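Trainee: I would like to go through the labels used for this model and ask what stands behind each of them.
Mentor: Go ahead, one label at a time.

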Amino acid sequence: MTHTADATPAAEAMFAADRASRRLGIELLEQGEGTAVLRMTVTPAMVNGHGIAHGGYVFLLADSAFACACNSHGPVTVATGADITFVAPAHEGDILVARAEERVRYGRSGVYDVTVRRGDEVMAEFRGRSRSIGSNRPEESV
């Protein structure tokens with residue numbers, strides 16, 4: 001992983017404990033205050049009946065980048081909502097890179113945009129909304 005000058009241990013620790021993302025081979029490449037870059041290779045198990053990557057996996061990659069970016073500030077932060085626009089299909093063997101960037105934080109809430117690319121081609125655009133819950137254990141504060 002590349003650590004940017006303002007890399008945060010909170011987001012790194014959260015990603016290290018993210019079994020779902022890690023079991024899919026998602027890698028945290030870069031991380032800093034309000035930003036994150038993750039990478040995933042589309043495997044045969046991720047391809048749907050149309051022969052393209054299932055949108056749920058593309059969403060999961062973008063959501064994981066969003067989670068790293070919004071948890072970079074320290075308090076436990078969870079999604080309050082998210083949406084995605086699929087721009088182009090991904091295929092088996094494609095290497096997808098998701099870059100998350102904070103747009104605004106206000107109080108305990110935030111808005112983050114994630115662009116998923118294959119090389120220079122945009123595959124999907126994701127917008128996530130977050131809420132800091134303040135506890136180290138999400139189930140105790142929701």
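Trainee: Which residue of β3 is the bridge partner of Leu-28?
Mentor: In this predicted model, Leu-28 has Leu-38 in β3 as its bridge partner.

Trainee: What makes β2 and β3 a pair of strands?
Mentor: Pairing requires at least two bridges between the strands. Strand β2 (residues 27-32) and strand β3 (residues 35-41) are joined by 5 bridges, so the two count as paired. They run antiparallel.

Trainee: What lies between β2 and β3 in the hairpin?
Mentor: The hairpin leaves 2 residues between β2 and β3. Gly-34, in the turn, has a positive phi of about 75°.

Trainee: Why is Phe-86 called partly exposed?
Mentor: Buried means under 20% relative accessible area and exposed means over 50%. Phe-86 has a relative accessible area of 47%, which lies between those cut-offs, so the label is partly exposed.

Trainee: Where is Phe-86 found, and which residues does Phe-86 touch, not counting residues up to four places away in sequence?
Mentor: Phe-86 belongs to strand β4 (residues 77-86). With residues up to four places away in sequence not counted, Phe-86 touches Gly-55, Val-58, Met-123 and Ala-124. A touch here requires heavy atoms within 4.5 Å. As for Phe-126, the C-alpha atoms of Phe-86 and Phe-126 are 8.7 Å apart, at a sequence distance of 40 residues.

Trainee: What makes a set of residues a nonpolar core, and how many residues does the largest one have?
Mentor: The members must be buried residues of the nonpolar kinds, joined through side-chain atoms within 4.5 Å. The largest such core has 29 residues. Those with the most contacts inside this core are Leu-38, Val-58, Leu-61, Leu-96, Val-114 and Val-116.

Trainee: Which elements give two or more residues to this core?
Mentor: They are β3, α3 (55-70), β5 (95-106), β6 (109-118) and β7 (121-132). The most comes from α3, with 8 residues.

Trainee: Which residues does Leu-61 touch, not counting residues up to four places away in sequence?
Mentor: Leu-61 touches Ile-26, Leu-38, Arg-39, Met-40, Leu-96, Ala-98 and Val-116.

Trainee: How many helices and strands are there in the chain, and how much of the chain is buried?
Mentor: The chain has 4 helices and 7 strands. Of its 142 residues, 39% count as buried, and the cut-off for that label is under 20% relative accessible area.

Trainee: What share of the contacts with a separation of 6 or more comes from residues 24 or more positions apart?
Mentor: Such residues account for 64% of those contacts.

Definitions and conventions: Residues numbered from 1 in each chain as written. Predicted model: local features only at pLDDT ≥ 70, side-chain atom pairs only at ≥ 80, totals over all residues. Heavy atoms only, no water. Buried < 20%, exposed > 50% of the residue type's maximum accessible area, 1.4 Å probe, protein only.
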